[in-house]
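Here are my notes on the model, set down as numbered points. Have the structure open while you read.

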Amino acid sequence: MVQHPQETYLYDPSLLLKLDFHRTPATFKPFISAANPGEPWMKVRPLKDTDYDRGFLQLLSQLTHVGNVNRTQFLTRFSQMKASGDYFVTVIEDTRKNEIIGAASLVIERKFIHNCSVRGRLEDVVVNDTYRGKQLGKLIVVTVSLLAEELGCYKMSLDCKDKLIKFYESLGYVLIPGNSNSMTIRYDEGTPLKRNATSASSSSSTGAGGDSCQTVSLDFAS
Ligand code: 16G
């Protein structure tokens with residue numbers, strides 16, 4: 001096992017202990033929370049600079065293309081995120097195996113609108129699928145959603161595939177009528193530039209079953 005005498009959290013871990021899991025519309029059976037995730041070997045915490053050695057990037061590769069990110073690149077990105085103060089990458093660790101088994105990021109977007117308020121964006125949600133049945137998807141999403149509210153966000157949004165809409169709805173996210181479109185220009189698919197515009201009301205350009213993205217929001221003001 002790799003020993004890490006000095007480890008750095010991306011953000012203050014005590015923030016996670018303040019979250020009131022009774023505030024979420026999600027149903028946990030049995031009841032769990034970030035502070036008590038249901039197994040003694042499970043820990044919900046901020047990303048650490050040492051998580052490069054705990055399979056964090058390998059887990060992300062279950063979500064999308066990660067590439068060959070070396071340790072230096074990882075640590076540079078970690079330092080940039082920490083310095084900005086706006087990145088709340090949160091993970092679930094299996095402490096028996098020293099392995100990251102779930103992750104989700106809250107990214108804070110600073111606004112002039114709403115009295116210089118902040119908006120949350122839920123990004124890069126992924127759970128190791130061998131840990132099914134432990135409510136980990138719910139746990140990690142609710143954790144960062146409550147964190148967004150705790151940090152003063154007036155709303156939180158995410159883009160997801162059609163097949164995940166029901167899951168996010170069960171956690172309080174809604175498709176806002178007339179305003180749930182996710183539009184994208186991709187710069188990573190070579191030339192010519194491909195344009196992908198997907199819409200809740202349009203099925204014409206979305207391709208094979210359920211691959212279009214939709215925007216789902218959690219409104220803390222209402
Ligand atoms: C999903 C993720 C998004 C992630 C993207 C990666 C959630 C809620 N949404 O849309 O955060 O960045 O997939 O796909 O986790 P890409 O590689 O095509 O951008």
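**Notes on the fold and the ligand shell**

1. Reading from the N terminus, the elements of the protein chain go α-β-α-α-β-β-α-β-α-β-α-β-β-β. That comes to 6 helices and 8 strands. Elements here are DSSP runs numbered from the N terminus, with helices (H or I) of at least four residues and strands (E) of at least two.

2. Bear in mind that this is a predicted model, where local features need pLDDT of at least 70, side-chain atom pairs count only at pLDDT 80 or more, and totals for chains, interfaces and linings use all residues. Residues are numbered from 1 along each chain as its sequence is written.

3. On confidence: pLDDT, the predictor's own per-residue score from 0 to 100, has a mean of 90 over the protein chain, and 87% of the residues reach 70 or more. The stretch to treat separately is 198-210, where pLDDT stays under 50 and the model has 17 contacts beyond four places in sequence. A contact is a pair of residues whose C-beta atoms, placed from the backbone, lie within 7 Å.

4. How do the contacts split by sequence separation? Of those in the protein chain with a separation of 6 or more, 68% are between residues 24 or more positions apart.

5. Of the 222 residues in the protein chain, 28% count as buried. Buried means 20 or more other C-beta atoms within 10 Å of the residue's own, exposed means 12 or fewer, and partly exposed is in between, with C-beta atoms placed from the backbone.

6. Helix H5 (residues 136-150) is worth a look. Its 15 residues reach 21 Å from first C-alpha to last, close to the 21 Å expected at 1.5 Å a residue; the expected span is 1.5 Å times one less than the number of residues. Because 12 of those 15 residues are buried, H5 is largely enclosed by the rest of the structure. Among the buried ones are Leu136, Ile140, Val144 and Leu147. After H5 comes glycine 152, with a positive phi near 95 degrees.

7. Tyrosine 154 sits in strand E5. It counts as partly exposed because it has 17 C-beta neighbours inside 10 Å. Its C-alpha is 8.8 Å from that of leucine 218, 64 residues away in sequence.

8. Which residues come nearest the ligand? Of the 11 around it, they are Thr64, Glu123, Val125, Leu158 and Asp159; a residue is near if its C-beta atom, placed from the backbone, lies within 6 Å. Strands E4 (118-127) and E5 (153-161) each supply at least two shell residues, and E4 gives the largest share, 4 residues.

Technical notes:
Two residues are in contact if their C-beta atoms, placed from the backbone, lie within 7 Å.
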